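Q: I am new to this model. Please pick one part of it, look at it closely, and then show me how it sits within the rest.

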Amino acid sequence: MRIDITNSTAQQIELRDLSSDLQHLADVIGLELVRKLIVEFGGTGNSLYFPDALSYDRAVFRMIETEYHGMNIREISLKTGISQRKLKSVVQKFRKEKEYS
């Protein structure tokens, strides 16, 4: 029977073994999930980048679509903490998309 060395070793990783960035990630999602990420992506040379939530324009649009009535960008901006400029950009983008659908 062959032992999966990567998984076996990953199971031995403790919070104190991780870099401060990975410790923070473990605090957020749990040590077990960080271990899985290490097994899956560790040593591949791929650095993972997680864009912030506002980078997902469709998600922003879905969030505001039910509340936006054409004149309340400022109100939505204050309520959500998203800049008026970003909100206007997202609304324009998806209005154009709906026109061509």
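A: Start with Glu67, which is partly exposed at a relative accessible area of 34%. Keep in mind that this is a predicted model. The side chain of Glu67 meets that of Lys79 in a salt bridge, with 2.9 Å from N to O. This pair links distant parts of the chain. Lys79 sits in helix H5 (residues 73-80), while Glu67 is in the loop between H4 and H5, and 12 residues separate the two. Lys79 is exposed, because its relative accessible area of 58% is over the 50% cut-off.

Charge pairs like this one follow a simple idea. Side chains of opposite charge can pair when their charged atoms come close. The structure holds five salt bridges.

Next, step back to helix H4 (residues 57-65). Asp57 lies in this helix. Its relative accessible area is 16%, so Asp57 is buried, the limit being 20%. Look at what surrounds Asp57. Leaving aside residues up to four places away in sequence, Asp57 touches Lys86, Val90, Lys93 and Phe94.

One of these contacts is a salt bridge: the side chains of Asp57 and Lys93 meet at 3.1 Å, N to O. Asp57 belongs to helix H4 and Lys93 to helix H6, so the pair ties together parts that are 36 residues apart in sequence. The two partners differ in cover. Asp57 is buried at 16%, whereas Lys93 is partly exposed at 43%. Lys86 joins in as well: Asp57, Lys86 and Lys93 are linked in a network of salt bridges.

Now look at the aromatic rings. There is one aromatic pair. The ring centres of Phe61 and Phe94 are 5.0 Å apart and their planes meet at 25 degrees, so the pair is stacked. Like the Asp57 bridge to Lys93, which runs from H4 to H6, this pair links distant parts of the chain. Phe61 is in helix H4 and Phe94 is in helix H6 (residues 84-99), 33 residues apart. Phe61 is buried, with a relative accessible area of 12%. Phe94 is buried too, at 4%. Phe94 is also among the residues that Asp57 touches.

Arg62 is in helix H4. Arg62 counts as exposed, because its relative accessibility is 53%. Compare that with Phe61, which is buried. An α-helix has 3.6 residues a turn, so residues three or four places apart point the same way.

Helix H2 gives a contrast. This helix covers residues 20-29. Of its 10 residues, one is buried, so H2 lies largely in the open. Val28 is part of H2. It is exposed, with 57% relative accessible area. Val28, Ile29 and Leu33 make a nonpolar surface patch of about 250 Å². Just after H2, Gly30 takes a positive phi of about 105 degrees.

Ser19 is partly exposed at 40%. Its C-alpha atom is 15 Å from that of Gly43, 24 residues along the chain. There is another salt bridge to find by eye: Glu14 with Arg16, whose closest N and O atoms are 3.0 Å apart. Glu14 is partly exposed at 37%, while Arg16 is exposed at 67%.

The protein has six helices and zero strands. Along the sequence the pattern is α-α-α-α-α-α. The radius of gyration is 21 Å, well over the 13 Å that the globule rule gives for 101 residues, so the protein is more spread out than a compact globule. The C-alpha trace spans about 65 × 30 × 20 Å along its principal axes. Buried residues make up 19% of the 101; Asp57, Phe61 and Phe94 are among them. The protein exposes about 8,200 Å², and carbon and sulfur atoms supply 53% of that area. Among contacts between residues at least 6 apart in sequence, 37% join residues at least 24 apart.

Technical notes. Residues are numbered from 1 along each chain as its sequence is written. This is a predicted model: local features need pLDDT of at least 70, side-chain atom pairs count only at pLDDT 80 or more; totals for chains, interfaces and linings use all residues. Side-chain values use heavy atoms; hydrogens and water are left out. Rings of Phe, Tyr and Trp (its six-membered ring) pair if their centres lie within 6.5 Å; planes under 30 degrees apart count as stacked, over 60 as edge-to-face and the rest as tilted. Helices (H or I, at least four residues) and strands (E, at least two) are DSSP runs, numbered from the N terminus. Buried means under 20% relative accessible area, exposed over 50%, partly exposed in between (1.4 Å probe, protein chains only). Patches are made of residues with over 30% relative accessible area and no salt bridge: like charges are joined within 9 Å, nonpolar side chains (Val, Leu, Ile, Met, Phe, Trp, Tyr) within 5 Å. Accessible areas come from the Shrake-Rupley method with a 1.4 Å probe; for residues, only the protein chains shown count as cover. A salt bridge is a side-chain nitrogen of Lys or Arg within 4 Å of a carboxyl oxygen of Asp or Glu. The radius of gyration is taken over C-alpha atoms; the globule rule is 2.2 Å times the number of residues to the power 0.38. Contact means heavy atoms within 4.5 Å.
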